[in-house]
Amino acid sequence: MKEAAMTALVDRPGHAFRNGTASGLTRRLVALRDAWSRHKEINALRDELQRLSDRELADIGISRLSIGDIARSAVASK
């Protein structure tokens, strides 16, 4: 819900954008929205991997200690 409201705020024609360029505040809001979205993706992937058993993780070549790094790398490479 909040993400949709943020999108409406920064994407409304003639409101925050001027001649195709965003104001400084709008750029920061968009960057914050994007960072929050990435954060949610990382957490979802990390939680999914954490639910796997040690055996399942070993089968796919992942140690439990590297789950956070793998989640961050996977989201960053999108």
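Student: Is glutamate 41 buried, partly exposed or exposed?
Tutor: We're looking at a predicted model here. Glutamate 41 has a relative accessible area of 29%. Buried needs under 20% and exposed needs over 50%, so glutamate 41 comes out as partly exposed.

Student: Which helix holds glutamate 41?
Tutor: Look for the helix that runs over residues 24-50. Glutamate 41 falls inside that stretch, and the helix is H2.

Student: Which residues is glutamate 41 in contact with, leaving aside its neighbours within four places in sequence?
Tutor: Contact here takes heavy atoms within 4.5 Å. Once the neighbours within four places are set aside, glutamate 41 is in contact with Val75 and Lys78.

Student: What does glutamate 41 form a salt bridge with?
Tutor: The cut-off to apply is a side-chain nitrogen within 4 Å of a carboxyl oxygen. For glutamate 41, the closest N and O atoms in the pair are 2.7 Å apart, and the partner is lysine 78.

Student: How many residues apart in sequence are the parts that this pair ties together?
Tutor: Glutamate 41 sits in helix H2, while lysine 78 is in the segment after helix H4 (67-76). So the pair ties together parts whose separation in sequence is 37 residues.

Student: And lysine 78, is that buried or exposed?
Tutor: Its relative accessible area is 74%. Exposed starts over 50%, so lysine 78 is exposed.

Student: Where do aspartate 54 and arginine 64 lie, and how many residues apart are the parts they tie together?
Tutor: Their side chains meet in a salt bridge, 2.8 Å from N to O. Aspartate 54 is in helix H3 (residues 54-59) and arginine 64 is in the loop between H3 and H4, so the parts tied together are separated in sequence by ten residues.

Student: Which helix holds both aspartate 69 and arginine 72?
Tutor: These two side chains also meet in a salt bridge, at 2.7 Å from N to O. They are three residues apart, about one turn of the helix, and that helix is H4.

Student: How far apart in space are glutamate 41 and arginine 72, C-alpha to C-alpha?
Tutor: In sequence they are 31 residues apart. In space, the C-alpha to C-alpha distance between glutamate 41 and arginine 72 is 8.8 Å.

Conventions: Residues are numbered from 1 along each chain as its sequence is written. This is a predicted model: local features need pLDDT of at least 70, side-chain atom pairs count only at pLDDT 80 or more; totals for chains, interfaces and linings use all residues. Side-chain values use heavy atoms; hydrogens and water are left out. Helices (H or I, at least four residues) and strands (E, at least two) are DSSP runs, numbered from the N terminus. Buried means under 20% relative accessible area, exposed over 50%, partly exposed in between (1.4 Å probe, protein chains only).
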